[in-house]
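Each label in this discussion is set against its definition before a conclusion is drawn. The structure comes next, and the questions follow.

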Amino acid sequence: MRKNYEVAIIGTGPSGAFAAYNLAKKGISTVIIDKETLPRYKICGGGLVYRGRKMLDFSIDEILEGEFNQVDIFVKDKDVHFTPKREMPVISMVMRDTFDELLVKKAQEFGAELLQNSEVKSIKNGILKFANSDEEIEAKFIIIADGALSPVSKLAGFEDDRLLIPAIEYEIEVPEEDFVRLSKSVRFDIDAAPFGYGWCFPKNNHLSVGVGVLKTKAKVKLKDYCATYMKDLEINTIISETSHGFVIPITPRNELVKGNCFVIGDAAGFADPIVAEGISNALLSGKIIAEAISDGNLEVEKTKEKYIEKVNEKLIPELKIGIKLAKFFYENTTIRNLFVKKFGALAAERLTDVFLGKSTYPSDYKKKLQEKLKISLPWM
Ligand SMILES: Cc1cc2nc3c(=O)[nH]c(=O)nc-3n(C[C@H](O)[C@H](O)[C@H](O)COP(=O)(O)OP(=O)(O)OC[C@H]3O[C@@H](n4cnc5c(N)ncnc54)[C@H](O)[C@@H]3O)c2cc1C
């Protein structure tokens, strides 16, 4: 049997779910598809920064696991600690199974249809076929929101030029005194891993602790880094743990559209290159593609133009600057430490403003760094 829709979205992560929500809200016939059955676990620290949260025009209180108006940023071995504070929650804690399911439910309330337990195995001329059923879906627009590995973009013939960085996350239950001590704040520890950082995010009953390495060709021993990081956090007893390693794409694809197929979220490579925070740009790209389809009057060529135009305006410039800044920050630690010592508090405030969506990374970053450090940075 074949069913027809204007739009078929593959993936119920924040990018796909928010695209479905915005499309359904505009009355556009939409199906959202996932190989899993919701709610499903997703490897993620679950730190939702405010720039992402403020895009949601509905309450997420029912699934929130915490809200933090301040962030603790430590630089390992440098005895430096910054704590930017704001009036609004800079970072909210979510578990991705309930968060993603809520977004999908909101899309369903506006009429989006959900097809679960359906792994897309072929995509041709707007027709999707599945691994475990004979059902077919035909759609004018195919939105590929299937995450970091993005098998569907391969099926659709996209070249993959994204850079993927490795990260590992532990969901751990710790003794009560450790939980009480570590659940008072969200913290980032720069250099908890070489070329990277560690995070400790408190959830309702457990901690999400992990490390990410923001250099693609680095030699990575994520489990060892994370074990050392937990020791640094003085976590000596773990009551229960699950660990998950995965990748995060931190550079955008050159090609974002092929025929009637559009990539968004991690499938497009839209995570922030400095902190590898991917939820907010996943949400943003979901919103952008829905606007592009609507502004393009449901015509493929017009939508393509609108999507590229909006992405080039709202996402790509910041990602490009972020890639350069990440290189400076993680790979040139001697100069970086000099900078952090003198201007770290200011930089932490600026990063917080980016998390809030109040500003983006500065386009004149090189000039600013050179002026502040009074040295030339020819490699940047
Ligand atoms: C260890 C780790 C920690 C992270 N921590 C944070 C954090 O704290 N904050 C933050 O903002 N970001 C974090 N990220 C990044 C964030 O998880 C991603 O950027 C975000 O999930 C991207 O959302 P998405 O919608 O593009 O894709 P995803 O959330 O990956 O969703 C993709 C969906 O597609 C489905 N799918 C895949 N293939 C198929 C198929 N063939 N057919 C049908 N369905 C399919 C999957 O089942 C999945 O539901 C972290 C990532 C990692 C790896």
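Q: Where is the place of P39?
A: P39 sits in the loop between β2 (30–33) and β3 (47–49). Strands here are DSSP runs of E with at least two residues, helices are runs of H or I with at least four, and both are numbered from the N terminus. The model is predicted: local features need pLDDT of at least 70, side-chain atom pairs count only at pLDDT 80 or more, and totals for chains, interfaces and linings use all residues. Residues are numbered from 1 along each chain as its sequence is written, and side-chain values use heavy atoms, with hydrogens and water left out.

Q: What makes the peptide bond from L38 to P39 cis?
A: Omega of the bond from L38 to P39 is near -5°, and the bond is cis. Most peptide bonds are trans, and most residues other than glycine have a negative phi.

Q: Which value of phi does N117 have, and where is N117 placed?
A: Phi of N117 is near 50°, a positive value in a residue that is not glycine. N117 belongs to the loop between β8 (113–115) and β9 (120–124).

Q: Why is N117 called partly exposed?
A: Buried means under 20% relative accessible area, exposed means over 50%, and partly exposed is in between (1.4 Å probe, protein chains only). N117 has a relative accessible area of 44%, so N117 is partly exposed.

Q: What is the phi of F195, and how is its accessibility classed?
A: F195 has a positive phi of about 60° and is not a glycine. Its loop runs between β13 (186–190) and β14. The relative accessibility of F195 is 27%, so F195 counts as partly exposed.

Q: Why is R86 called buried?
A: R86 has a relative accessible area of 19%, so R86 is buried. R86 is in the loop between β6 (80–82) and β7 (91–93).

Q: What makes the pair R86 and D353 a polar contact?
A: A polar contact is a pair of N or O atoms within 3.5 Å; within protein, one must be able to donate a hydrogen and the other to accept it, and residues adjacent in sequence count only if both atoms are side-chain atoms. The side chains of R86 and D353 make such a contact at 2.9 Å.

Q: How do you know that the length of α7 agrees with that of a helix?
A: The expected span is 1.5 Å times one less than the number of residues. For the 17 residues of α7 (residues 279–295) that gives 24 Å, and the end C-alpha atoms are 24 Å apart, so the two agree. After α7 comes N297, with a positive phi near 50°.

Q: Why is α7 described as largely enclosed?
A: In α7, 14 of the 17 residues are buried, so the rest of the structure largely encloses this helix.

Q: Which residues come nearest to the ligand?
A: Of the 39 residues around the ligand, S15, D34, G45, R96 and D266 come nearest.

Q: Which polar atoms of the protein lie by the ligand's own oxygen and nitrogen atoms?
A: A polar backbone atom of P14 is 3.3 Å from a ligand oxygen, and a polar backbone atom of K35 is 3.1 Å from a ligand nitrogen. A polar side-chain atom of E277 lies 3.4 Å from an oxygen atom of the ligand. The protein covers 95% of the 1000 Å² of accessible area that the ligand has on its own (Shrake-Rupley method, 1.4 Å probe).

Q: Which element gives the most to the shell around the ligand?
A: β16 gives the most, with three residues. Elements that each supply at least two residues include α1 (14–25), β16 (240–249) and α7.

Q: Why is the ligand said to lie between two domains?
A: Domain 1 (2–66 + 90–162 + 251–317) and domain 2 (164–249) both give residues to the shell, so the ligand lies between them. The domain bounds come from an automatic or database domain assignment.

Definitions and conventions. A residue is near a molecule or strand if one of its heavy atoms lies within 4 Å of it.
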